[in-house]
Amino acid sequence: MRFSAIYLLSCPPGKSHPQVYREGLEQMQAAEALGFHTLWLTEHHFSNYGGSPDPMLMAIAAAHRTKTVRIGIGVSVLPFHHPLQLAEQGAMVDVLSGGRLEFGVGRGSQRYEYERLGVAMDDKGARFEEAMQIIRRAWTEEAFSHAGAYYRFPDTTVYPRALQRPHPPIWVASTTPPTLQYAVTHRYPVMGSALLTLPRAKEYVALYQTLLADDGQDPASAAFAINRRVYVSEDPREVRQAAEDCIAFHYSWAKQMGMAKVGPHGDLHLDELFDSSYVFGTPDDCLEILHELRAMGIQEVICNLNFSGVLEHRQVLRSMELLASKVIPQLT
């Protein structure tokens, strides 16, 4: 099992964007020093839940401050962008990072983002698949033209050319069986959402393995990464307070955006969240949860180390150090 880190760069009340970016980049440098595999950078728009509207720009900043860690786009919401521009930008990140780009893609799920960008949400699946075809061709063909439902252009060559061959690794974010089938058919590794509770994750990974076998692929050879909110402390009281603070901001944001469920924890009590979708706890608590994820066939945990952005910088760094020194060595 390998461990990566993901950065939403949320900006809760009491923090500023300069502070969030500065601390986020310092945490990325710390993640490299601690041996994390990839820095995943998200895309969100028009709310303080996500402070990275352009993950390609953040990827350049991260690449400039690191040397060996992989730089991941996690994910680019394809229906929001012209695929030729994304292909150019991704190739530039790959060149400037020395061939470290991991390119994650998704359809997006926030209706308010679609409405404000003027993109029909009902078209997101078809737009996604057409954009994927274009990006892959842009990275593997010298010149090509395209005439599709959403994009049309004459013979075009994308510059610069990516360093990695045949192209940077492409990951597909998946929360539904049709997306999972798409990833299997096209042989893309899968990124599972933090919303997959432990019981749902078991079902989802089992379905993934079945689809792989039905497609003639070896289930053991395919990559499945899962996103998890992670906080490690030796003090159980600190763990619980951190969880309460993180969830309180997340709930206030979801309520503001019209997406809140029945309460701050959705349909689950806080204790159930610890068991089902969080890796919050002492090193031993976290190790137990992660052992279960590894047993079900998950090869990578993408750690959201400052869920909701409310934790202090020193807390995040200490949690990362405990994770790297007391948990990860027993799983890798």
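Is R2 buried, partly exposed or exposed? I looked this up in the predicted model. R2 has 32% relative accessibility, so I put it down as partly exposed.

**Entry: R2 and its partner**

The side chain of R2 forms a salt bridge with that of E300, at 2.8 Å from N to O. I placed both residues in the fold: R2 belongs to strand β1 (residues 2-7) and E300 to strand β11 (residues 300-304), so this pair ties together parts 298 residues apart in sequence. For E300 I read a relative accessibility of 2%, so I noted E300 as buried. The cut-off I applied for buried is under 20%.

**Entry: R137 and E141**

Next I checked R137. I found its side chain in a salt bridge with the side chain of E141, 2.9 Å from N to O. R137 has a relative accessible area of 25% and is partly exposed. E141 is also partly exposed, and I noted 27% for it.

**Entry: D215 and R187**

I turned to D215, whose side chain meets that of R187 in a salt bridge of 3.3 Å, N to O. I located D215 in the loop between α7 (198-214) and β9 (224-232), and R187 in the loop between α6 (177-186) and β8 (190-192); the pair links distant parts of the chain, 28 residues apart. D215 comes out at 30% relative accessibility, which I logged as partly exposed. R187 comes out at 52% and counts as exposed, since the cut-off for exposed is over 50%.

**Entry: total**

I noted 10 salt bridges in the structure. Those I followed up include E300 with R2, R137 with E141 and D215 with R187.

Technical notes
Residues are numbered from 1 along each chain as its sequence is written. This is a predicted model: local features need pLDDT of at least 70, side-chain atom pairs count only at pLDDT 80 or more; totals for chains, interfaces and linings use all residues. Side-chain values use heavy atoms; hydrogens and water are left out. A salt bridge is a side-chain nitrogen of Lys or Arg within 4 Å of a carboxyl oxygen of Asp or Glu. Helices (H or I, at least four residues) and strands (E, at least two) are DSSP runs, numbered from the N terminus. Buried means under 20% relative accessible area, exposed over 50%, partly exposed in between (1.4 Å probe, protein chains only).
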